Amino acid sequence: MLHFESDYMETCHPLILKKLEEINFEKNVGYGCDGYCDRAIAKIKKACGRDDIKVQFLVGGTQTNSTVIRAVLRPAFGVISADTGHIAVHEAGAVEASGHKVLTIKGHNGKISGADVASYMENFKADSNWEHEVRPGMVYISHPTEYGTLYTNDELVDLYAVCRKYKLPLFVDGARLGYGLAAGEITLPFLTDHCDVFYIGGTKVGAMFGEAVVFTDERLAEDFFTIKKMSGGLLAKGWLLGVQFDVLFTDDNYLKISKNAIDTAMAIKKGLTEKGMTSYMDSPTNQQFFLVTNEEEKRISEFTGYGFMEKPDKDHSVIRFCTSWATRMEDVNELLSHF
């Protein structure tokens, strides 16, 4: 059986496993106050091209999204997101459980624009009953999006300008950021300069677990350590996060290992398209989406795992083939041989 369900099916990159074995009997102070976390933070700051940013580590994506949003928003405020955004669809109401509503707007291929946010804000302000409603307090996007699409430099510049106009911090979910950096035009320094907080995904990009939150507006980082503790997100053995990001940000490993996912995904895209499969969304990243009939889906499920996305009608489904830093080209070729 082949497996293309997700990009976190393997344990971790061999360099990380090797390093964890090397330090196994070391004694380190807890909660991220260790030398490995310090070194990882220094390397992340260098990669971002900014020394004034604040970096905090958490374990997983849902935990990171809900904790960041909880820390940034005041009570009675909500977060604007595309209707397909992860926080709106696949996080079991984690943001709402923290006391903040997800305010969805219609996305375009998974993305939202500056014009979308401006329209939402103007409509909100025009409502005479606005004081009785959840107030929009920040904007959430992901890069790549849930449909593997990427923001361009111009799109991010425009969106960030609108966010600043309406005093809405812009939060970028980077669970798959490595694959976005490897496939798109946005670089880490550019992203750092065009949002208020983002995170560098490790769980889906070579780490055993872990996400590195980067506050480009250091005011938003105030009391985050304590809020992280209150939210159950403070790992006692914090050095395990530091070690992994130290390895990922040594010798440009984060970007290097991400390229494999793009190469294998493009091979799937090309191969399945040539075999007559219908592409659902033009994704340049490690997630590839296809529209299949119910009969086709049943046959595909017999030889490979995949991700289910949606049913546009009763006779069809949108399925996803997802590659990772560890996907082997021989597995891609075997997948293609079944079509």
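Predicted model: local features only at pLDDT ≥ 70, side-chain atom pairs only at ≥ 80, totals over all residues.

Biologist: Great. Which residues touch the most other members of the largest nonpolar core?
Modeller: They are Ile 44, Phe 57, Leu 170, Phe 198 and Ile 200, in a core of 59 residues. A nonpolar core here is a set of buried Ala, Val, Leu, Ile, Met, Phe, Trp, Tyr and Cys residues joined through side-chain atoms within 4.5 Å. Buried means under 20% relative accessible area, exposed means over 50%, and partly exposed is in between, with a 1.4 Å probe and protein chains only.

Biologist: And what is Ile 44 in contact with?
Modeller: Leaving aside neighbours within four places in sequence, Ile 44 contacts Val 55, Phe 57, Ile 200, Ala 212, Val 214, Phe 245 and Phe 249. Contact means heavy atoms within 4.5 Å. There is also a second, separate core of 23 residues, with Ile 69, Val 72, Val 95 and Phe 224 among them.

Biologist: Let's look at S8. Which way do its residues point?
Modeller: Glu 211, Val 213 and Phe 215 point one way from S8, Ala 212 and Val 214 point the other way, and all are buried. With five of its five residues buried, S8 is largely enclosed by the rest of the structure. Helices (H or I, at least four residues) and strands (E, at least two) are DSSP runs, numbered from the N terminus.

Biologist: What does S8 pair with?
Modeller: S2 runs antiparallel to S8 over five bridges, and Val 55 stands opposite Val 214 there. S7 is also antiparallel to S8, again with five bridges, and Ile 200 faces Ala 212. Strands pair if DSSP finds at least two bridges between them.

Biologist: How about S3, which strands does it pair with?
Modeller: S3 pairs in the parallel sense with S5 (residues 135-142) over four bridges, where Gly 78 has Pro 136 as its partner. Four bridges also join S3 to S4 (residues 102-105), again parallel, with Ala 82 partnered by Ile 105.

Biologist: Switching to helices, why call H11 largely enclosed?
Modeller: Because nine of the ten residues of H11 (residues 239-248) are buried. The buried residues pack against H1, H2, S2, S7, S8 and H12.

Biologist: How many disulfides are there?
Modeller: The count is zero, taking a disulfide as a pair of cysteine sulfur atoms within 2.5 Å. For Cys 33, the nearest cysteine sulfur is that of Cys 37, 8.0 Å away. For Cys 163, it is that of Cys 195, at 9.9 Å.

Biologist: Is Cys 163 buried or exposed?
Modeller: Cys 163 is buried, at 0% relative accessibility, whereas Cys 33 is exposed at 52%. Cys 163 lies in H7 (residues 153-165) and, beyond four places in sequence, contacts Val 139, Leu 168 and Leu 170.

Biologist: Last one: where is Glu 91 found?
Modeller: Glu 91 sits in the loop between H4 and H5. Glu 91 is buried yet has no salt bridge, and the nearest side chain of opposite charge, Lys 204, is 7.7 Å away. A salt bridge needs a side-chain nitrogen of Lys or Arg within 4 Å of a carboxyl oxygen of Asp or Glu. For charge, Lys and Arg count as positive and Asp and Glu as negative, while His and the chain ends are not counted.

How values were computed. Residues numbered from 1 in each chain as written. Heavy atoms only, no water.
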